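Subject: Structure handover

Hi,

Here is the structure I promised to pass on to you.

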Amino acid sequence: MKIQLPQKVDYIINQLMKHGFEAYAVGGCVRDSILGKEPEDWDITTSAKPEEVKKIFYRTIDTGILHGTVTVMLEKEGYEVTTYRIDGEYEDNRHPKAVEFTANLTEDLRRRDFTINAMAYNGKGGMVDIFGGLRDIEDGIIRCVGSARDRFDEDALRILRAIRFSAQLGFEIEEETLEAIKEKKEHLKNISAERIRVELNKLLLSDHPEKLFIAYETGITKVILPEFDIMMATEQYNHHHIYSVGVHTVKGIEAVGKTKDKPSAMEQCKDLRLPKQFHEFQSKDKLILKWTLLLHDVEKPSCKFRGKDGEDHFYGHQEKGAQTAKNVLRRLKFDNETLDKVVRLVQWHDYDFSLTPAGMRKAINKIGEDIMELLFEVKRADVLAQNPDTWEDKLTSITKAETLFYEIHDKKECINLKMLAINGQDLIGLGLQPGKKIGDILNKLLDCVLEKPEYNERKTLIDIAQKYLKDEC
């Protein structure tokens, strides 16, 4: 098998070999190349010691010198070059106490997590596949190198990586590896929240987020996301739903980004503006959408009650769920922007739009213009995870609401105090003393403008403000 190495990667490998050392591209870049994917980065492994690598190349950076890694800089690009090594004893299910350099490539590949990541390649010697990675790629299998139990004892993050690779590649997890995951899942308690977050993000953004079910079945979520286990155990006896809360949640995650593929009456509404396509969202927004769907019904279990109509109801789960979503995201050390938007989307995901221009202006003011496009996508994905018999009217209503939103946005109609044609200084100019009353009057003026946007002119608003002041005297 031949892989087309990037010119600079090939150059580094050849330079090391010219100086009498072995060198190969290794790991994920080899795997992705075999799969026809564009590698995100290229890692190089070599028999040369770090100090020998530094002598060969003009510019290097000691990025991980204690573990044998030197970054070789070619122009403005950096390439990690790591000496063959044997990891010492692991003390925390994550990091080896020490590493030992070796001249043996097999020993270096033996310490890696999965067979599909334990292959090496260079243009001269071709593929080095000692542990059957090519066969496992062909069979669509995730398998540990050597003993799965040993690999997970060494580094418990590999437990989550197995699920994540399964989701990204659409592969099945080999039986011994799966059994070891079940046995060693408690080791994940020793892994940092940041590392767990990264793996969950990659899983949710993958083509197969339904692999989250494997994390549930193996007991992983009970350790890292116990809220999901409670959702999986909560049935929904309601004509809007055909799945448990947990299964509905995963179906919703799957629907994110695919909401325009489903047939509905909205396709027949010729005058409606087309919904924003998923590919138009920034990568950060895509992650926000996925986490919102994961957590949007997180408090349905605690809010569930059986009504006189014989159906389950979940009143208040949005507000309560927003607080729980905040707690989960804080636990996983998310950034403030992601946390803020997910929490607000969870809070408003069930909002019932009034399909009038005034109703939509009020909704934008209440919810926040910055998350409206995300909210429409959340609501569509939520609907598509419900009973298909209920899709048509709901999807059409969402698209009508979205059309109203874009019309208001395009006209730049006032939807918040910042867009109001007057401010507090104008009211002070009318003789009002600074204080709470200024805010009260500005909010009354905003209410007027939300009803009638043509009122958003300075003279008109001053006249209305003077009337309010006169009525209150």
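To start with one spot in the chain: in which loop does Lys412 lie? Lys412 sits in the loop between helix H20 (391–411) and helix H21 (424–429). Helices here are DSSP runs of H or I with at least four residues, strands are runs of E with at least two, and both are numbered from the N terminus.

First, the ground rules. This is a predicted model, in which local features need pLDDT of at least 70 and side-chain atom pairs count only at pLDDT 80 or more, while totals for chains, interfaces and linings use all residues. Residues are numbered from 1 along each chain as its sequence is written, and side-chain values use heavy atoms, with hydrogens and water left out.

**The chain as a whole**

The chain has 23 helices and 13 strands. Its C-alpha trace spans about 90 × 60 × 45 Å along the principal axes. Of its 473 residues, 53% count as buried; buried means under 20% relative accessible area, exposed over 50%, and partly exposed in between (1.4 Å probe, protein chains only). The accessible surface comes to about 22,900 Å², and carbon and sulfur atoms supply 47% of that. Those areas come from the Shrake-Rupley method with a 1.4 Å probe, and for residues only the protein chains shown count as cover.

Among the contacts with a separation of 6 or more, 66% are between residues 24 or more positions apart. A contact means heavy atoms within 4.5 Å.

As for charge, there are 72 positive and 82 negative side chains, and the centres of the two sets lie 3 Å apart. Lys and Arg count as positive and Asp and Glu as negative, with His and the chain ends not counted. Each charge is placed at NZ of Lys, CZ of Arg, CG of Asp or CD of Glu.

**The seven-stranded sheet**

An open sheet of 7 strands runs in the order S3-S4-S5-S2-S1-S8-S9, with mixed pairing. Two strands pair if DSSP finds at least two bridges between them. At the edges are strand S3 (60–64) and strand S9 (126–128), each of which pairs on one side only. Neighbouring strands of this sheet are turned by 35° against each other on average, direction ignored. Helix H1 (residues 7–18) packs on the sheet and touches strand S1 (23–26), strand S2 (43–46), S4, S5 and strand S8 (120–122), its direction making about 40° with that of S5. Axes are lines fitted to C-alpha atoms, for helices over the stretch in contact, and angles run from 0 to 180 degrees between N-to-C directions.

S4 is worth a look in your viewer. Because 6 of the 6 residues of S4 are buried, the strand is largely enclosed by the rest of the structure. Thr69, Thr71 and Met73 point one way from S4, and Val70, Val72 and Leu74 point the other way.

On one side, S3 and S4 run antiparallel and are joined by 3 bridges. Gly64 has Thr69 as its bridge partner, and Ile61 has Thr71. The two strands form a hairpin with 4 residues between them, and Gly68 in the turn has a positive phi of about 90°.

Val72 stands opposite Tyr79 in S5. This hairpin has 2 residues between its strands.

Most residues other than glycine have a negative phi. Glu75, in the loop between S4 and S5, has a positive phi near 55° and is exposed at 65% relative accessibility. Lys412 also has a positive phi, of about 55°, and is exposed with a relative accessible area of 67%.

**Pro209 and Glu217**

Pro209 is found in the loop between helix H9 (193–205) and H10, and is buried with a relative accessible area of 4%. Beyond its neighbours within four places in sequence, Pro209 is in contact with Leu203, Leu204, Val250, Ile253, Glu254 and Lys290. Glu217 belongs to helix H10 (residues 212–217) and is exposed, with a relative accessible area of 58%. The C-alpha atoms of Glu217 and Asp229 are separated by 9.4 Å.

Best wishes
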